[in-house]
Amino acid sequence: MFCYQCSQTARETGCTVVGVCGKQPTVARLQDNLLFAIKGISAYLYHARELGYTDDDVDAFLEKGFFSTLTNVNFDAADLVELALEAGQMNIKTMQLLKKAHNETYGEPVPTEVPVGSVKGPGIIVTGHSLKNLEELLKQTEGKGINIYTHSEMLPAHGYPGLKKYKHLVGQLGGPWFDQKQTFSKYPVAILGTSNCVLLPRDEYKERMFTSGVAQLPGVQHIDDNDFTPVIEKALELPELEDEARDTVLTTGFGASTVLSLAPKIKELVEAGKIKQFILVGGCDSPKPQAKYYTEFVEKLPKEVVVLTLACGKYRFNDMDLGDIEGVPRLIDLGQCNDAIVAVDIAVALTELFGVELNELPLTIVLSWMEQKAAAILWSLLALDIKGMYIGPILPGWANEDIINVLVENYDLKPIGDPEEDIKAIMG
Ligand code: FSO
Ligand code: SF4
């Protein structure tokens, strides 16, 4: 544990073994965990509010959650687990709110092929999660001869009818959040970071980078009021990009309606044994060497497996051609991390289709986590009582043995291991 939030703190620097107030290490970690989940919820709530959508119950929970971590309020190891599960439920509500905001504002996504690479002309790369910022930029650049490219978690924007209608939204440059230094150095265009996962910029592109919303970087101009004039002026003064061979095409934009329109076919294929398992391989990508697991895992899956994916972890395998099973695509990109709610909606619809409980579905969840939004999603899945999830590329650092034991005993949570062994275990 590490806590220095009050003046009783040990040696006036921090309680690290046990709190002077009596707070136990597991309670301290569960308080940290609750704060992480709250940060995740806040990110999604922020993007919903950008589009004018709010929820009083979620707001009230945030107050309660924060308050319960204040000094001398809640010393119970069991109640804090309950609060984490409640945070998971509130995160479900928040992701539903954001999905409603996205779908009502931009239309439900439709499958869309997105070419990777540049086309001739000035350009702007947009990274992060804010569809609202992207929309404003698309409006303000219309007819100016500037091409707009997505990066990382902005890729699913291409699937929304209200955004794909802009012809100058031309494609994708780079992959997950952590390739940004190489990608932004390689393409000498203007760059807009709209949310988290912006990295401290290299000097070589600092002056052509901008942030908006909560994202801020030292020495980088911030756009406060959705007036992207400085970004547009910068894009026009920079050299034009050249045409690249755009051989890699990524398919994104599978909304719940598209997937569920395949429900009768899916039922037939499952009953005929032609689809044996659905596996959700979702979450954040990580530069850790262990993250190679996710590439190998998907590569080695039997042909009778359908992979659902979301968030930036998909860049480990979303350029693979997995083909289809009689018209059902074997790789289905549901969108951003907040679109975990689409996966939940699909899973619930499948329980109705097959007349079984959630844990009886031929569905396995293989998560990769990077930061606090993923922690909130993990607690959402636990709040739904989903058992037997795999998690990697490392176990959460905030979870000590006590917490891991609770997760293993109650939810059969498993660390990822060897891809082939895990596939064997999943396929039974
Ligand atoms: Fe990736 Fe970053 Fe959506 Fe995460 S860009 S790592 S949990 O913030 O966001 O998937
Ligand atoms: Fe230490 Fe408790 Fe104060 Fe935290 S709240 S600094 S654990 S005495």
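A residue counts as lining a pocket when it has an atom within 4 Å of a point of that pocket. The model used throughout is a predicted one.

**Exercise 1.** Describe the largest pocket by its volume, its lining and the classes of the lining residues.

*Solution.* We begin with the volume, which is about 260 Å³ for the largest pocket. Next comes the lining, which consists of 14 residues, with Thr251, Met320, Asp321, Leu322 and Leu331 lying nearest the centre of the pocket. Sorting this lining by class finally gives 6 nonpolar, 4 polar and 4 charged residues.

**Exercise 2.** Determine which elements give two or more residues to the lining of the second largest pocket.

*Solution.* The second largest pocket has a volume of about 210 Å³, and 14 residues line it, of which Asn359, Leu363, Thr364, Lys387 and Gly388 lie nearest its centre.

**Exercise 3.** Classify the packing of helix 3 (residues 79-106) and helix 13 (residues 372-383) from the angle between them.

*Solution.* The two helices pack at an angle of about 100°, and their axes are 7 Å apart. Helix 3 is therefore roughly perpendicular to helix 13, since angles of 65 to 115 degrees count as such. Turning to the contact itself, helix 3 contributes residues including Val81, Leu85 and Met95, while among those of helix 13 are Ile377, Trp379 and Leu382. The residues of this contact divide into 10 nonpolar and 4 polar, with no charged residue.

Methods. Residues are numbered from 1 along each chain as its sequence is written. Chains are lettered from A and ligands numbered from 1 in the order in which they are written. This is a predicted model: local features need pLDDT of at least 70, side-chain atom pairs count only at pLDDT 80 or more; totals for chains, interfaces and linings use all residues. Side-chain values use heavy atoms; hydrogens and water are left out. On a 1 Å grid over the protein atoms alone, a cavity is a set of points where a 1.4 Å probe fits but cannot get out, and a pocket is an open set with protein on both sides within 12 Å along at least five of seven lines; lining residues have an atom within 4 Å of a point. Grid points are joined across faces, edges and corners, and a volume is the space filled by probe spheres set on the points. Ala, Val, Leu, Ile, Met, Phe, Trp, Tyr, Cys and Pro count as nonpolar, Asp, Glu, Lys and Arg as charged, and the others, Gly among them, as polar. Helices (H or I, at least four residues) and strands (E, at least two) are DSSP runs, numbered from the N terminus. Axes are lines fitted to C-alpha atoms, for helices over the stretch in contact, and angles run from 0 to 180 degrees between N-to-C directions. Angles under 35 degrees count as roughly parallel, over 145 as roughly antiparallel, 65 to 115 as roughly perpendicular and the rest as oblique. Contact means heavy atoms within 4.5 Å.
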